[in-house]
Amino acid sequence: MLVIENCRLAWPDFKAEYSLSVAAGTLCAVVGPSGGGKTTLLHMIAGFETPDSGCLTFAGQDLLRLEPSERPVAIVFQDHNLFPHLTAAQNVALGLRPSLRLSKGEDVLVAEMLNAVGLEGLERRKPGEMSGGQRQRVALARALISGRPLILLDEPFSGLDPGLRRSMIQLVDALRHKRPVTIVMTIHTPEDVADLADQMAYVANGQVVASGPPADILTGPLAAQIAASASEP
Ligand SMILES: Nc1ncnc2c1ncn2[C@@H]1O[C@H](COP(=O)(O)OP(=O)(O)OP(=O)(O)O)[C@@H](O)[C@H]1O
């Protein structure tokens with residue numbers, strides 16, 4: 001279980017106080033208006049931002065005592081942060097061994113992960129030789145192969161066309177059923193994830209205003225606001 005309790009952050013122009021619980025092995029979609037604090041929430045979980053007060057635990061472990069690199073967290077950003085001079089296989093392998101010195105068994109794991117995300121045959125391509133969707137698959141594979149149990153996806157598929165976006169979300173859903181991971185994903189298009197997410201959290205003005213089953217959130221009192229934020233450019 002990921003538990004965030006009254007975690008406060010304050011900048012001159014933005015104040016946040018987050019409280020949210022996400023059950024282990026579930027997919028939580030974070031929605032809400034632009035500037036509402038979705039990315040900041042993920043950055044805080046990953047350790048890029050430190051709350052002034054509050055509690056943040058995962059599987060009972062106090063994450064606030066850990067450096068970002070020590071946290072059981074892998075994060076995928078919208079711009080996916082791939083290394084342009086490395087092949088798809090090497091970019092994925094970084095999630096396993098930052099030195100890229102892989103054992104034979106680890107080579108096999110990388111190949112299996114590339115297959116799992118539908119990139120068989122493209123192992124030797126560099127990011128510049130792949131489509132946006134293929135690059136996102138590499139970034140996803142790198143996060144998943146890290147073996148870290150908490151995966152944070154920050155608008156990972158928003159640059160893709162609607163059909164590809166939906167199929168990437170289905171891929172995330174399929175992969176999480178193969179290996180138990182807890183996923184928190186920010187998304188601008190709640191309808192893409194409504195039938196797959198276990199939980200939806202609406203974040204606005206630096207707070208989790210509501211959280212629950214997607215059907216309840218999408219048809220509840222916030223329905224109009226969620227629809228409005230989904231139609232923002
Ligand atoms: N390091 C920082 N210092 C000061 N302000 C920051 C910092 N990081 C984020 N903010 C502010 O926090 C607010 C929330 O930003 P955030 O990126 O979390 O929103 P968001 O909901 O993810 O928006 P979007 O949907 O547009 O990506 C913004 O006003 C932003 O300017």
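Which helix gives the most residues to the shell around the ligand? Helix 1 (residues 38-46) does, with three residues. This is a predicted model.

**Ligand shell**
- The residues around the ligand are W11, D13, F14, G32, S34, G35, G36, G37, K38, T39 and T40.
- By class, the shell holds two nonpolar, seven polar and two charged residues.

**Helix 4**
- Helix 4 has 14 residues. From first C-alpha to last it reaches 20 Å, close to the 20 Å expected at 1.5 Å a residue.
- The helix is largely enclosed by the rest of the structure, because 11 of its 14 residues are buried.
- Buried here are R135, Q136, R137, V138, A139, L140, A141, R142, A143, L144 and I145.
- These buried residues pack against strand 6 (73-76), helix 2 (88-93), helix 3 (104-116), strand 7 (150-154) and helix 5.

**Helix 5**
- Helix 5 (residues 162-178) has 17 residues. The distance from its first C-alpha to its last is 25 Å, close to the 24 Å expected at 1.5 Å a residue.
- Its buried residues are R165, M168, I169 and V172.
- Seen down the axis of helix 5, these buried residues fall within an arc of 100 degrees, so they line one face of the helix.
- An α-helix has 3.6 residues a turn, so residues three or four places apart point the same way.
- The face of helix 5 turned away from the buried side carries the exposed residues G163, A174, H177 and K178.
- On the buried side, the packing partners of helix 5 are helix 4 (132-145) and strand 8 (182-186).

**Strand 9 and its partners**
- Strand 9 (residues 199-204) is mostly covered, with five of its six residues buried.
- Strand 3 (residues 27-31) pairs with strand 9 in the parallel sense, over four bridges. Within this pairing, C28 has Q199 of strand 9 as its bridge partner.
- Strand 10 (residues 207-212) runs antiparallel to strand 9, and five bridges join the two.
- V203 stands opposite V208 in strand 10.
- Strands 9 and 10 form a hairpin with two residues between them. In the turn, N205 has a positive phi of about 50 degrees.

- An open sheet of four strands has the order 2-1-4-5, with antiparallel pairing.
- Strand 2 (14-22) and strand 5 (61-62) are the edge strands, and each pairs on one side only.
- Strand 4 (residues 53-58) and strand 5 run antiparallel and are joined by two bridges.
- F58 has Q61 in strand 5 as its bridge partner.

**H85**
- H85 sits in the loop between strand 6 and helix 2.
- Is H85 buried or exposed? H85 is exposed, because 10 other C-beta atoms lie within 10 Å, and a residue counts as exposed at 12 or fewer.
- H85 and E17 are 68 residues apart along the chain, and their C-alpha atoms are separated by 40 Å.

Definitions and conventions:
Residues are numbered from 1 along each chain as its sequence is written. This is a predicted model: local features need pLDDT of at least 70, side-chain atom pairs count only at pLDDT 80 or more; totals for chains, interfaces and linings use all residues. A residue is near a molecule or strand if its C-beta atom, placed from the backbone, lies within 6 Å of it. Ala, Val, Leu, Ile, Met, Phe, Trp, Tyr, Cys and Pro count as nonpolar, Asp, Glu, Lys and Arg as charged, and the others, Gly among them, as polar. The expected span of a helix is 1.5 Å times one less than its number of residues. A residue is buried if 20 or more other C-beta atoms lie within 10 Å of its own, exposed if 12 or fewer, and partly exposed in between; C-beta atoms are placed from the backbone. The arc is that of the directions from the helix axis to the C-beta atoms. Two residues are in contact if their C-beta atoms, placed from the backbone, lie within 7 Å. Two strands pair if DSSP finds at least two bridges between them.
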